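I opened the model to look up a few things and wrote down what I found. The entries follow in the order I made them.

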Amino acid sequence: MREFAFTVTYEEGVDDLVDVFIRNPGLSSYTRSCHVTGNTMWRVDNVSGPQEALAEYDRALDRLSRCSSLRGIGGCEMDFEYETLESQPNGRVIYSRQSEGEGCRSIPYLAAEYLGDGLLLHAKQRGDAYRWQILAADDAAMSEVYEELERNLRDGLTLELDRVEHAPEWPDRDPTPTDLPAEQREAVELAVEYGYYEQPRQASLQEIASAEDIPTSTLQYRITQAEAWLAKAYLRDGTPPSNPAPLVTSSD
């Protein structure tokens with residue numbers, strides 16, 4: 001498999017929705033699922049950030065009539081509808097559906113059109129950058145997608161190819177308990193069981209170690225190692241990890 005990654009950088013004032021991310025550096029979004037046909041593209045995005053930034057994002061989404069993920073990287077008017085599947089103080093899960101049309105094709109549509117079946121696609125937004133990753137077969141002609149986007153790039157946007165390389169391991173995925181060494185996983189399980197992560201804390205590491213007959217230094221080390229791994233996994237590439245989205249080949 002080969003990974004094709006590129007980043008689009010926006011000047012402020014070019015795209016209403018991207019402007020929200022530019023004004024709110026703590027706001028970020030990543031794709032959870034993305035599918036496309038010849039007529040429609042639909043996707044699920046996780047959006048996280050401060051409450052004030054999310055409120056501004058909500059308002060921008062209500063007014064949205066142009067998309068940031070189209071050929072030329074946005075600006076086309078399209079039919080758009082969305083639903084908030086989950087709303088938390090610091091996060092949203094957003095389902096959206098938008099029309100596909102000649103001259104206004106989405107990036108997922110172009111990827112499927114040029115590269116065929118079997119693609120995985122991932123997109124992330126933070127600040128003025130919208131980063132796309134496409135995983136395809138080794139013989140996929142990645143350059144055609146890039147050239148198509150570059151030909152149609154509108155004013156105020158910059159397109160940069162990050163890399164085209166063999167990628168046998170897709171890096172962005174949800175961490176699972178089996179990824180942690182057994183001793184670290186057991187230490188975290190004990191911490192949860194004894195209420196170490198509750199507010200207020202129900203037991204200290206010293207108390208847990210004494211109850212389980214484990215040296216405090218050993219328990220502290222295992223907890224620290226596990227927390228470091230979890231934090232790095234969660235913030236990999238600046239956004240929470242997610243499974244890459246399956247992409248359906250376009251059909252006219």
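**Entry 1: hairpins and strands**

I began with β4 and β5, which a hairpin joins through 2 residues. I noted that this is a predicted model, in which local features need pLDDT of at least 70 and side-chain atom pairs count only at pLDDT 80 or more, while totals for chains, interfaces and linings use all residues. Residues are numbered from 1 along each chain as its sequence is written, and side-chain values use heavy atoms, with hydrogens and water left out.

I looked up the extent of the two strands: β4 covers residues 80-88 and β5 covers residues 91-99. They pair in the antiparallel sense over 8 bridges. (Two strands pair if DSSP finds at least two bridges between them.) Q88 stands opposite G91 in β5.

Next I went to strand β6, residues 120-126. I found 5 of its 7 residues buried. (Buried means under 20% relative accessible area, exposed over 50%, and partly exposed in between, with a 1.4 Å probe and protein chains only.) β6 pairs with strand β2 (residues 28-36) in the antiparallel sense over 3 bridges. It also runs antiparallel to strand β7 (residues 129-136), joined by 7 bridges.

Which residue of β6 is the bridge partner of S29? I found Q125. Q125 in turn has Y130 as its bridge partner in β7. The hairpin of β6 and β7 has 2 residues between the strands, and G127 there takes a positive phi near 60 degrees.

**Entry 2: helix α6**

I turned to helix α6, residues 205-212, where L205, I208 and A209 are buried. These residues lie on the same side of α6 because they cover an arc of only 100 degrees around the axis. (The arc is that of the directions from the helix axis to the C-beta atoms.) D213 follows α6, and its phi is positive, near 60 degrees.

**Entry 3: salt bridges**

How many salt bridges does the structure hold? I noted 6.

D15 and R154 meet in a salt bridge at 3.7 Å, N to O. The pair links distant parts of the chain, 139 residues apart: D15 is in the loop between β1 and α1, R154 in the loop between α4 and β8. D15 is buried at 5% relative accessible area, whereas R154 is partly exposed at 25%.

E148 and R151 form a salt bridge at 2.5 Å, N to O. Both lie in helix α4, 3 residues apart, about one turn of the helix. Is E148 buried or exposed? I found E148 buried, with a relative accessible area of 7%, and R151 exposed, with 57%.

R222 and E183 meet at 3.5 Å, N to O, in a salt bridge. This pair also links distant parts of the chain, with R222 in helix α7 (residues 216-234) and E183 in helix α5 (residues 182-193), 39 residues apart. R222 counts as partly exposed at 22% relative accessibility, and E183 counts as partly exposed at 47%.

**Entry 4: the whole protein**

Last, I took the totals. The protein has 7 helices and 9 strands. (These are DSSP runs, H or I of at least four residues for helices and E of at least two for strands, numbered from the N terminus.) Of its 252 residues, 46% count as buried.

Notes: Salt bridge = Lys/Arg side-chain N within 4 Å of Asp/Glu carboxyl O.
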